[in-house]
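Dear colleague,

I am passing on the structure below, together with a short account of what was found in it. Please read the notes alongside the model.

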Amino acid sequence: QVQLVESGGGLVQPGGSLRLSCVASGFAFSSDWMHWVRQAPGKGLEWVSEINTGGGNTYYADSVKGRFTISRDNTKNTLYLQMNSLKPDDTALYYCTRRWLDWGQGTQVTVSS
């Protein structure tokens, strides 16, 4: 019943930008903290960012701080991740997750020249 659908990934050159979206359904979106988590090829899951229910409190991994911005629109049940100044090390499958329990299918981000 819970569904999370990520979109917005693609191929981008170093220094470029992408905005990821995650559309949620099947639960009270505005009542949950949300997270972005990524998995690089051959590596484990890495927490990227999180946001509180109202969107006023945000937190980031050191590796993306200052470059990524997490946000949400509770009227649209949508979570966002704005990614700027992208680096090759940002290449990964990006997931949105609710409580580290419910997951989307992921959207691929590839940063390459």
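This is a predicted model: local features need pLDDT of at least 70, side-chain atom pairs count only at pLDDT 80 or more; totals for chains, interfaces and linings use all residues.

Residues are numbered from 1 along each chain as its sequence is written, and side-chain values use heavy atoms, with hydrogens and water left out.

The side chain of Thr97 also reaches the backbone nitrogen of Trp100, at 3.3 Å. Thr97 belongs to strand E9, residues 92-98, strands being DSSP runs (E, at least two residues) numbered from the N terminus. With a relative accessible area of 0%, Thr97 is buried, where buried means under 20%, exposed over 50% and partly exposed in between, for a 1.4 Å probe and protein chains only. Leaving aside residues up to four places away in sequence, Thr97 touches Leu4, Met34, His35, Val37, Asp102 and Trp103, contact meaning heavy atoms within 4.5 Å.

Rings of Phe, Tyr and Trp (its six-membered ring) pair if their centres lie within 6.5 Å, and planes under 30 degrees apart count as stacked, over 60 as edge-to-face and the rest as tilted. By this rule there are four aromatic pairs, and one of them is the tilted pair of Phe27 and Phe29, at 6.3 Å centre to centre and 55° between the planes. Because the ring planes of Tyr95 and Trp103 stand at 85°, with the centres 5.7 Å apart, that pair is edge-to-face. Tyr95 counts as buried at 14% relative accessibility, whereas Trp103, at 30%, counts as partly exposed.

Finally, there is an open sheet of four strands in the order E1-E3-E8-E7, with antiparallel pairing; two strands pair if DSSP finds at least two bridges between them. Strand E1 (3-7) and strand E7 (68-73) stand at the edges with a single partner strand each, so one side of each is left without a neighbour in the sheet. Six bridges join strand E3 (residues 18-25) to strand E8 (residues 78-83), and Leu18 has Met83 as its bridge partner in E8.

How values were computed
A polar contact is a pair of N or O atoms within 3.5 Å; within protein, one must be able to donate a hydrogen and the other to accept it, and residues adjacent in sequence count only if both atoms are side-chain atoms.
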